[in-house]
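Please go through these points with the model open.

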Amino acid sequence: MINMLSSVRRKLYIHAESVYPEECCGFLFGAEVDGFRKIIDSLDVPNSEGTRLDHRFLITPKHYRMAEEHARNEGMRLLGFYHSHPDHKALPTQYDLENGIPWFLSVIISVTGGTASHMTAWIMNDSRMRYDQQSMLVL
Amino acid sequence: MEVKFLIPTPFRKHTGNSDTVIVHGQTVEEALISLTEKYSPLYRHLFSDDGTLRGFINVYINDNDIRYLEQGRTGLKDADVISIIPSIAGGIDVRLPDLSQEEILRYSRHVIMPEVGMEGQKKLKAASVLVIGAGGLGSPVCLYLAAAGIGKLGIVDFDVVDVTNLQRQILHSTENIGRSKLDSARERISEINPHVETKAFNTMLTSKNAMDILCDFDVIIDGTDNFATRYLVNDACVLLGKPNVYGSIFRFEGQVSLFDAKRGPCYRCLYPSPPPPGLVPSCAEGGVLGVLPGIIGTLQALEAMKLITGQGESLAGRLVLFDALALTFRELKLKKNPNCPVCGEHPSIRELIDYEEFCGVQSHQAGSAQKPAGRDNKTEITPKELKERLDRGEDIAILDVREPVEHEICSIGGKLIPLGSLRQRMNELDPEHELVVYCKTGRRSGQAAELLRKAGFKQVENLVGGITAWAADIDPKMARY
């Protein structure tokens, strides 16, 4: 079960819409207690994918380190990352699976015609074979 | 050696929630083995089935990426800190263009290799590549990328085919002399592969048009022959986030690399500032072995294809140096400069600048505007005026600052002192005597004239346009090169 503050959802949607038709990306922070995760903050980072920003995103090691540092400085846990799927469903793709990181929460925002419509949350299982959808409640 | 691993958050589940792990090892490889022996579930997240590190796993030793060191073989010291840092990627599975029956047959030698396959060939068809310069490097790049089935090839050039190009620029043929290089290139490309869409930009690449031209292409290939355009291409690629496949050639040596500032160094990280004008001669002045751009350009085409198909080990962070006479390839590791003015952490260049000024060269417009009419400022002389004065029997000393091999091809007389040895041999000249200096085009002699004036020579004039202009205006029978 995932909880997300509505202020975080607002930030994510604004970010996703502002870079449409390109994909946005960033990190999610908060706390985890007994497998229950609560997202209270986010950090947007540049999409460093070279040539295909409309259907790919890449977060570089430099920005990953920034996220770990942000979590440390703010006393939060780095819980996962988010990205948008412009004019596409909020479902993990084969490419998402090939490049996924286990345990990390992956939030996907669907943006249709420039408007963020909905989002879903996923965690890749340890076998690296599939993403399991997580129920998410926006508070 | 006892070293410390910093474990990223998503992997801490496998290290008992610990963010650091102490292990022993002489090399990075040994330390990683030791880590995964200690925490075995980590193995499949760090390594692929073939035992290599997964593509999104980055390993740093004390802030240095091991890709720019000796990778797994990098030696360790006591108390080194090894960070495991994931890159995170993802995205939509886009529909690639279909291949017709004819295309599958045409590209069958690609398609039957699993590393390319149908998907790789479709990626090539979906890709667009911009080649800057349809000359020595651009020729093999265009020919091979067209043959390979790149969907869209853009070419930037404003020149016409000259007979001196044909020794190396295999895109053009004898019958195309005097014709636009772009027309010649388009015709040849469509002969090789009618499936390729070509987009021609008949212009000099400038700070004003570069962003608009480059932005529509996936990969940029630098086939330029001057520093101003090379810095312009680099900066535009960094600002647009485009990969820049770099190549350069001179005489018997060539260089090739991939500058992709999002993942590694850019051209400015390697060469922060250009050499002083005139220090590095152009191919027109210094010569180039015809086959050399064939080798370097082909490597650029290869690198672009690897980038598009996502195969192989990219040249990002590596500079390959080729020596044709020794027949050796050497490789230098390149590091991103955190203080790089364009791709560093605090960039000062956020838009394109004046690259001719940056490289200390006069622009075409400025150059022609400043050209004196006759000898008004006594620093230059036209071939016509020199001929008239010599015919009148005026006492003018003439100095050729080209190389002896050039002097052998053609000469208008006078003493030969190559520019490189002028400083040492200046005492062979009379500083009180009027002196006209010439080279092939007027560039080297311009520097020589400046050097002589600074050394106290009373009256030194540079022959405008060099012996090339002399041959055109005064002596059409003279051998040209």
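1. Terms first. Buried means under 20% relative accessible area, exposed means over 50%, and partly exposed lies in between (1.4 Å probe, protein chains only). Helices (H or I, at least four residues) and strands (E, at least two) are DSSP runs, numbered from the N terminus. In H6 of chain B, the buried residues are B:Gly138, B:Ser139, B:Pro140, B:Val141, B:Cys142, B:Leu143, B:Leu145, B:Ala146 and B:Ala148. That is nine of the 11 residues in this helix, which spans 138-148. B:Gly149 follows H6(B) and has a positive phi, near 95 degrees.

2. Provenance. This is a predicted model, in which local features need pLDDT of at least 70 and side-chain atom pairs count only at pLDDT 80 or more, while totals for chains, interfaces and linings use all residues. Residues are numbered from 1 along each chain as its sequence is written, chains are lettered from A and ligands numbered from 1 in the order in which they are written, and side-chain values use heavy atoms, with hydrogens and water left out.

3. Chain B overall. It has 481 residues, and 49% of them are buried. It holds 19 helices and 19 strands. Contact means heavy atoms within 4.5 Å. Of the chain B contacts between residues at least 6 apart in sequence, 65% join residues at least 24 apart.

4. Cores. A nonpolar core is a set of buried Ala, Val, Leu, Ile, Met, Phe, Trp, Tyr and Cys residues joined through side-chain atoms within 4.5 Å. The largest has 59 residues, and A:Phe27 and B:Phe5 have the most contacts inside it. A second, separate core has 38 residues, including B:Cys142 and B:Ile308.

5. Aromatic pairs. Rings of Phe, Tyr and Trp (its six-membered ring) pair if their centres lie within 6.5 Å; planes under 30 degrees apart are stacked, over 60 edge-to-face, and the rest tilted. The count over all chains is 14. B:Tyr43 and B:Phe47 are stacked, at 4.8 Å centre to centre and 25 degrees between the planes. B:Tyr43 is partly exposed because its relative accessibility is 37%; B:Phe47, at 11%, is buried. B:Phe201 and B:Phe217 are edge-to-face, at 6.1 Å and 75 degrees. That pair links strand E9 (197-201) to the loop between helix H8 (210-214) and strand E10 (219-222), 16 residues apart. B:Phe201 is buried at 15%, and B:Phe217 at 1%.

6. Chain A rings. One aromatic cluster includes A:Phe27, A:Tyr64 and A:Trp103. A charge sits over a ring if NZ of Lys or CZ of Arg is within 6 Å of the ring centre and within 35 degrees of the ring normal. A:Arg37 has its charged end over the ring of A:Trp103, 4.1 Å from the centre.

7. Interface. How many residues of chain B are in contact with chain A? There are 31, against 40 residues of chain A. Buried area is the accessible area (1.4 Å probe) that two parts lose on being put together, summed over both. Here it is about 3,200 Å², 56% of it on carbon and sulfur atoms. B:Ile88, B:Ile92 and B:Lys262 supply 23% of the area that chain B buries against chain A, more than any other three residues.

8. Backbone checks. A cis peptide bond joins A:Tyr20 and A:Pro21, with omega about 10 degrees. Phi of B:Asn62 is positive, near 45 degrees. Phi of B:Asp63 is also positive, near 80 degrees.
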